[in-house]
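Let's walk through this one together, starting with a pair of helices and moving out from there.

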Number of protein chains: 2
Amino acid sequence: METIWQNVYAARARGMSSSVIRELLKLTEQPDFISFAGGLPAPEVFPVGQVRAAAERVLTEHGAQALQYSTTEGYRPLRELIASWMRDDPRHRLPACGVDNILITSGSQQALDLIGRMFIDPGDRVVVESPTYLGALQAWSAYSPQYITVPADDAGMVVEALEQALVERAPRARPKFIYIVPNFNNPTGRTLSLERRRKLIEIASRHGVPIVEDDPYGQLRFQGEALPSLVSLAAGRGPVNAAYHGNVIYLSTFSKILVPGLRLAWVCAEPEVIAMLTRGKQGADLHTATLSQMVAYEVAKDGFLRRHVEVIRRTYRERRDVMLSAMQEHFPPSARWNRPEGGMFLWCELAEGVDAAERLRAAVPKKVAFVPGAAFHPCGGGENTMRLNFSNAAPDKIREGIARLGEVLRA
Amino acid sequence: METIWQNVYAARARGMSSSVIRELLKLTEQPDFISFAGGLPAPEVFPVGQVRAAAERVLTEHGAQALQYSTTEGYRPLRELIASWMRDDPRHRLPACGVDNILITSGSQQALDLIGRMFIDPGDRVVVESPTYLGALQAWSAYSPQYITVPADDAGMVVEALEQALVERAPRARPKFIYIVPNFNNPTGRTLSLERRRKLIEIASRHGVPIVEDDPYGQLRFQGEALPSLVSLAAGRGPVNAAYHGNVIYLSTFSKILVPGLRLAWVCAEPEVIAMLTRGKQGADLHTATLSQMVAYEVAKDGFLRRHVEVIRRTYRERRDVMLSAMQEHFPPSARWNRPEGGMFLWCELAEGVDAAERLRAAVPKKVAFVPGAAFHPCGGGENTMRLNFSNAAPDKIREGIARLGEVLRA
């Protein structure tokens, strides 16, 4: 996820002057402004009552513990619950996953940061899709990697091009890892096909390059069939609870299935990697808020989230459909877009030569915004692309916002 | 603050084998073990009822907001409240301090990390006292600075030695900043004298080196007169609320005056520095848990903490006194220690040639622990010193633990 501020910083890095940005931001604060630029979940579906009841119970029954310092690895019952999800979820089926495979982080943003902190030395190569998730680039900018970009199409990263990129560079400069968002990618909403998943695992393993699988949206599939996670495809089959070992560092988060404001996410990786990241986290923030962890555990322990994600999926599916049909009605015929099977974003390509950043400048006075796609391309390109978020606005706002945007794009 | 794990990592870095450490740790889990090794506040004084009532109000009145993503800088009413403290607290008196001077961080540990992330390039020099706070060294290890250590005595950092260190190194290798814990220092409990504060500001300003003032314990003075903070001594006198500008980055935290488990601290610095650290925080964890921030604001907004710190001070003062009188009774005559006027730690020097780490190995089977002081010396030394925490154990436990420890030290 990112706030509008994150996109603003990215836009600045991509050449928009900060005075232009300040002006744009001031305009987005108007009450009838409709923004498709953020990456926020729908607050209407937050289970506020459950969280309130959980906080009440936690603070009544374990008040001192919930407010004291706790261990860097995270609240043990919550880690155990997550390990059980990784064992039982049909997308994962990691029978060996145990508590030593799980680290709680202060949002996935921190997991990305810790990976950079512990693994990236200045000048190290990191493979990313293009376009890719901005938050990862921002987390790693402190560690000065070089990016090898691999193009993506409707079936996700073009792994054949990855093979070539690795052959050209390795072994002199073998990348530290491959970073990928395989499900309902941010920014594009695209999903890596099963065939490519298998091929990616095979190529990465043959070249000895680990994979960072960032999966915030995997649970938000509202259409089509779930695909196995990379972490499961790469796993050796060990004894139950004996500890997962494998080539993948898997990240996911409570931000998209519960609420983001508690700042809770997790890493699943082999115990040695978890130990390294834990050492990094100790220097970064000591531990994640104890109260957040205990409240999330209290909400989640009896299977509430399994039912709750159904509500989220229904809500987002409706919003996606409203956005798609409004685009059909209002966008120029030269524009092309995809139909994501889940997640929070869709991706639109304008006619060759159209500058989406320039279109944004024209859109903001009409009280509608999106993120120009160039920001997500670490090595340039994508000037005629745009990312649209459909999770945060109500259906009638989506209709109205897309109509305004269509007017700008057709002008 | 640090957990026992932090001290363990430090001990490992200073040469204790991890199997020895694992064995020690297993022993500390015994029910009648008494540890003076941690840095935990007393959970008995946590205002659990206030926090619970605040959480209830926040989640009833602003549920969706408290659980949604929020801005990187922090919850604005909380930043405004802290700015008012910085204006009004007699230790600070920063009339110009406004909301743009304040960044909320996920504990002071994160503030230290962000300072490293934004200011330290590999090989940069950083001035620290010796001994100094371990958490700072751990935060910065990711950024590979070189440390210039300045000795300390009972009146804190020997600033005359600082002058010499700066003259010798500058201007070829001017340090990035000077790091200091001026009040009830961790690990020593020492406080920098007023005269040295003035001199430190003068020297730092003459050499053009900024200061990082880490002040987690400043409010925990239970004896003697409060001394002005470095940030206030270094401030130009600007118009009220117009924004503080000055040479000092000031850090403090809710961990010692409210509770640590919410992970809430703040930075007060000039707006340009706050903007830089905010950019760093965006890559590190996006923002601090919204619920934590809103709950802390709700608890603190009507002046509750002013009354509450009185309870903490009374409690810690009693525990310090109990520890001091037990040490008088049980410790060998060759040991020397100080009498801190506040905070959570005191510092003990054993006879020359006694190895405190070796004494710890003998103490643990007697079910008592402390931190050997060598761990806090980034460039070596201090083998015969130990840090004792007096905030976390109840008075009768302190008496019993010090009696056990005295036996080990006299053996």
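The axes of α6(A) and α11(A) come within 9 Å and cross at roughly 105° (axes are lines fitted to C-alpha atoms, for helices over the stretch in contact, with angles running from 0 to 180 degrees between N-to-C directions). That makes the two helices α6(A) and α11(A) roughly perpendicular, a label covering 65 to 115 degrees. On the α6(A) side the contact uses Q110(A), D113(A), L114(A), R117(A) and M118(A), and α11(A) answers with M276(A), L277(A), G280(A), K281(A) and A284(A); contact means C-beta atoms, placed from the backbone, within 7 Å. The residues of this contact split into 5 nonpolar, 2 polar and 3 charged (nonpolar is Ala, Val, Leu, Ile, Met, Phe, Trp, Tyr, Cys and Pro; charged is Asp, Glu, Lys and Arg; the others, Gly among them, are polar).

Keep in mind that this is a predicted model, where local features need pLDDT of at least 70 and side-chain atom pairs pLDDT 80 or more, while totals for chains, interfaces and linings use all residues. Residues count from 1 along each chain as its sequence is written, and chains are lettered from A and ligands numbered from 1 in the order written.

Now for the chain pairing: 49 residues of chain A touch 49 of chain B. Elements giving two or more residues to chain A's side include α6 (107-119) and α11 (271-284), but α3(A) gives the most, with 7. That side has 23 nonpolar, 19 polar and 7 charged residues.

Over in chain B, 4 strands form an open antiparallel sheet, ordered β10-β11-β14-β13. Helices (H or I, at least four residues) and strands (E, at least two) are DSSP runs, numbered from the N terminus, and strands pair if DSSP finds at least two bridges between them. The edges are β10 (336-337) and β13 (371-372) of chain B. From β10(B), 2 bridges reach β11 (345-349) of chain B, and W337(B) sits opposite C348(B) in β11(B).

Terms used. Two residues are in contact if their C-beta atoms, placed from the backbone, lie within 7 Å. Angles under 35 degrees count as roughly parallel, over 145 as roughly antiparallel, 65 to 115 as roughly perpendicular and the rest as oblique.
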